[in-house]
Amino acid sequence: MLARQTIVVNKTGLHARPASDLVLRAKTFESTITIKRTDGGEPVNAKSLVRILGEGMSMGTKVEIAADGSDEKEAVDALIALMASGFDE
Amino acid sequence: MGFTDRSRAEISGVRQRMKYYGISGAEGYAIAKAYRYAPVQIKIQITTGGNPQEEMERLHNALKEAKQQLASLIDGFSKTDADKAKIFSAHQVFLEDEDLIEEAHNAITGESMTAESAVETAFEMFAKILSKSGDELIGERIADIRDVKNRLLRILTGITHQTLSDFTEDVIVIASDLSPSDTATLDRNHVKGLVTELGGRTSHTAILARSYRIPAIVGCKDIMNVPDGALIALDAVQAVVTVEPDENEIADLKKAVIAFSAAQKSARQFETLPAKTLDNKRVQLGINIGAAGWDDHGQQYDFIGLFRTEFLFMERDHMPTEEEQFEVYRMVLRQARGKTVTLRTMDIGGDKSLPYYELPNEDNPFLGLRALRLCFAQPEILLTQLCAALRASAFGNLQIMFPMVTCIADFKRALTFVETAKQELRERGEEFDGDVKLGIMIEVPAIALMADQIAKIVDFASVGTNDLCQYVCAADRLNANVRDYYQNMSPALLRLLAYIIDEFNKAGTPVSVCGEMGGDPLAALVLSGLGLKKLSMNEADLVSVKTILSRYTLQQMRALANSLLRLEGQMEVCEALKSFAVS
């Protein structure tokens, strides 16, 4: 199990398109992956768009991405990098 | 004895004209027959007693078919309508959502629900979860989820969909609400307007209408009372629908349609073209931003003249770290795609409050320890911001600008901070652009009057006309009592601007205006006439400035500006501008 934290940098937060991008990327990994708000949120399935949208992660929200499985390191690194890139918005 | 109009009307049975009111979703005018769009609402009663194996198969076949439908919609729109393609791509992601599908499975296997009931239960459960999040845009996503749900239900129940794809005459569509699936194949040739009972300015109907440039009214209560085929006049500027308009109303509306369409066409021309005077001289226009991202609506502009960074410091419970600032600055440079971004260091003073830092309590915060002065007193703030900015400079074209510079010594002192930051980054092995241009805001009169000297020292400058005017006229622009004394079109301010622009042009140092004046069309004319070649403004003002600049030659603007400098006061200046504009 591996976890890393990062911040949501997009102006409009983790809304539909960036969240979709995150989900699609997460699905390419075998590990189970969760994302949670560090301000007391529960971890939710990072491969489920509706779960991510339900968390309402706006710009500036600090989140933790955790993965558990054979490709957990690649998964966490890739998703952290994707979030830091601002999804090219 | 005569009859009143009303009794005549009652006798002849003429219907009273009805008007309906709503909110403007997309501006414009239209007149056409109403087409009532009321697709069958699929209401599912949750039923159990299904054969789980059969229902699972039905569910999966429906999912498969829905995916195919979406794939062909996306394919069809991929070249013609990127926004629609994106919406349906997002719908596909919902269709393949692990947790959503798991919910539906559980409903079938655990509670023996029919496939329809399982879909209804699972999707509505998630719609409820989403509605609890505080996100502004969440309404759109909930609508998306329901759109996908309805697609699946139509497949499962075999109920076909009333479409808006094929009309033989012009219509104005009226509906309770419109979803992306409803409008996927909208006949853009014949649909001249949209009116929905529900929705607001950010609902799908409004967004679609604005992107298609079709007038639309949303939130229009009772509009479904209008009979199918009735002639309606749509005024989406005042947000009024008139049923069975009379001859005068029809004539007026037709005129409005023509005028509006001409104005739009003219504005559209300027959106994607660079600013030029009548005699083809280029004027550089930039935009001011105050966040990590911005919507330029596809407009052309030359640079980002002012990147305000205060938002990073405000509405936060801690001082922004170098890392947090760096990520935001890098994002901005990325979005700018090579255009120059002028980052202004923190410009905060005692008129604001920060939860994590006690700002000095002063009687005159605008004349107090603010912006650069505050940074000199608290070096960590400036050093952190500079380190973050320099690191970001490796990712685009960055310039750094210091606010509230009072004297040349201030600028030189700021330069030593930059050197310190660069040295620290070198020691850390961090990359940065060694040639980052450094400049100042000209807003304090003391530095404005030293324009001849400062122009030879800085790489560039931008005039903050709001604060400059405030200090020059000694009037707080936020104080209603002295509003008349804040005179940004007074010969006094214009003379000072003329001096600044002259000296910078002489020295060959770029100078721009980033205050509100830059976005005011008449002021923009005057500033260009004074020799200013760069103006930065809110993105919403680009088109009107481009439009006015295109109407006059540089010579005309020069003559105008020079004549204003000799006038007595702001009132005379405004009158002169008025006569100039009409001639």
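This is a predicted model: local features need pLDDT of at least 70, side-chain atom pairs count only at pLDDT 80 or more; totals for chains, interfaces and linings use all residues.
**The interface**

Where chain B meets chain A, 28 residues of chain B are in contact with 27 residues of chain A. The area buried between chain B and chain A is about 2300 Å², and carbon and sulfur atoms give 63% of that area. Between the two chains there are seven residue pairs in polar contact, counting pairs with both residues at pLDDT 80 or more. On the chain B side, the elements that give two or more residues are helix H3 (82–95), helix H4 (98–111), helix H5 (115–132), helix H6 (138–157) and helix H10 (322–336). Of these, H10(B) gives the most, with six residues. Sorted by class, the side of chain B that touches chain A has 15 nonpolar, three polar and 10 charged residues.

One salt bridge is found across the interface of chain B and chain A. A salt bridge joins the side chains of A:Arg51 and B:Asp99, at 2.7 Å from N to O.

**The nonpolar cores**

The largest nonpolar core has 104 residues, and B:Phe402, B:Ile500 and B:Phe504 have the most contacts inside it. Helix H12 (residues 379–392) of chain B gives the most to this core, with nine residues. Apart from this core lies another, of 65 residues, which includes A:Ala67, A:Ala75, A:Leu82 and B:Ile145.

Leaving out residues up to four places away in sequence, B:Ile500 touches B:Ile442, B:Ala448, B:Ala451, B:Val463, B:Leu468 and B:Val511.

**Two single residues**

| Residue | Relative accessible area | Class |
|---|---|---|
| B:Ser203 | 13% | buried |
| A:Met1 | 65% | exposed |

B:Ser203 counts as buried because its relative accessible area of 13% is under the 20% limit. B:Ser203 is found in the loop between strand S5 (191–196) and helix H8 (204–212) of chain B. The side chain of B:Ser203 reaches the backbone oxygen of B:Gly200 at 2.8 Å. Beyond its neighbours within four places in sequence, B:Ser203 is in contact with B:Glu140 and B:Val218.

A:Met1 lies in the segment before strand S1 (2–7) of chain A. A:Met1 counts as exposed because its relative accessibility of 65% is over the 50% limit. In sequence A:Met1 and A:Ala66 are 65 residues apart, while in space they are 6.9 Å apart, C-alpha to C-alpha. Not counting residues up to four places away in sequence, A:Met1 touches A:Ala66, A:Ala67, A:Asp68 and A:Glu72.

Technical notes. Residues are numbered from 1 along each chain as its sequence is written. Chains are lettered from A and ligands numbered from 1 in the order in which they are written. Side-chain values use heavy atoms; hydrogens and water are left out. Helices (H or I, at least four residues) and strands (E, at least two) are DSSP runs, numbered from the N terminus. Buried means under 20% relative accessible area, exposed over 50%, partly exposed in between (1.4 Å probe, protein chains only). A polar contact is a pair of N or O atoms within 3.5 Å; within protein, one must be able to donate a hydrogen and the other to accept it, and residues adjacent in sequence count only if both atoms are side-chain atoms. Contact means heavy atoms within 4.5 Å. A nonpolar core is a set of buried Ala, Val, Leu, Ile, Met, Phe, Trp, Tyr and Cys residues joined through side-chain atoms within 4.5 Å. Buried area is the accessible area (1.4 Å probe) that two parts lose on being put together, summed over both. A salt bridge is a side-chain nitrogen of Lys or Arg within 4 Å of a carboxyl oxygen of Asp or Glu. Ala, Val, Leu, Ile, Met, Phe, Trp, Tyr, Cys and Pro count as nonpolar, Asp, Glu, Lys and Arg as charged, and the others, Gly among them, as polar.
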